[in-house]
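Thanks for making time this morning. I would like to walk through one model with you, so please have the display open while I talk.

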Amino acid sequence: MAKKLNMKMKALFAMLMCGLSTFTVFPQTDYSRNTHHDAASITNESWTKTRKILWTTIEEVGRRIEQEK
C-alpha cells in the first residue's frame with residue numbers, strides 16, 4: 001500500500017515538474033516583435049499577401065489558357 005502511494009506521489013511530482021518546466025521567467029524568444037502596433041499595418045500586410053496570391057493565380061490561369069489553345 002505504501003509502495004503504491006509512493007509511486008503515485010513520484011508520478012504526480014514528475015508530472016508537476018514537467019508542467020512547470022514549460023514556464024520560463026526569462027524567455028529567450030521575443031514574441032512581441034511579430035505583433036502589429038496598429039490596424040493599418042495589419043490591413044496593409046493582408047492586402048499585400050492577397051495581391052501576391054491573386055497575381056500568382058491570374059498568371060497560372062493565363063498559362064493554362066495559353067497551353068490549351
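Predicted model: local features only at pLDDT ≥ 70, side-chain atom pairs only at ≥ 80, totals over all residues.

Let me begin with Glu60 and Arg63, whose side chains meet in a salt bridge at 2.9 Å from N to O, where a salt bridge is a side-chain nitrogen of Lys or Arg within 4 Å of a carboxyl oxygen of Asp or Glu. Residues are numbered from 1 along each chain as its sequence is written, and side-chain values use heavy atoms, with hydrogens and water left out.

Glu60 and Arg63 both lie in helix H2, 3 residues apart, which is about one turn of the helix; helices here are DSSP runs of H or I with at least four residues, strands are runs of E with at least two, and both are numbered from the N terminus. Glu60 is partly exposed, with a relative accessible area of 31%, and Arg63 is partly exposed as well, with 46%, where buried means under 20% relative accessible area, exposed over 50%, and partly exposed in between, using a 1.4 Å probe and protein chains only. The side chain of Glu60 also meets that of Arg64 in a salt bridge, at 3.1 Å from N to O, and those two residues are 4 residues apart in helix H2, again about one turn. Salt bridges that share partners therefore join Glu60, Arg63 and Arg64 into one network.

The count by this rule comes to 3 salt bridges, and among them is the one between Glu45 and Lys49, whose closest N and O atoms are 3.3 Å apart. Glu45 and Lys49 are 4 residues apart in helix H2, which covers residues 39-68, and so they are separated by about one helical turn. Glu45 counts as partly exposed, at 34% relative accessibility.

Which residues form a nonpolar patch on the surface? They are Leu5, Met9, Leu12, Phe13, Met15, Leu16, Met17, Leu20 and Phe23, with about 1,000 Å² of accessible area together. Patches take residues with over 30% relative accessible area and no salt bridge, joining like charges within 9 Å and nonpolar side chains (Val, Leu, Ile, Met, Phe, Trp, Tyr) within 5 Å, and accessible areas come from the Shrake-Rupley method with a 1.4 Å probe, only the protein chains shown counting as cover for residues. Phe13 sits in helix H1, residues 2-20, and counts as exposed at 54% relative accessibility. Met1, in the segment before H1, is exposed too, with a relative accessible area of 88%.

Turning to the whole chain, the protein has 2 helices and 0 strands. Its radius of gyration is 27 Å, well over the 11 Å that the globule rule gives for 69 residues, so the chain is more spread out than a compact globule; the radius is taken over C-alpha atoms, and the rule is 2.2 Å times the number of residues to the power 0.38. Along its principal axes, the C-alpha trace spans about 80 × 40 × 20 Å. Buried residues make up 0% of the 69 residues.
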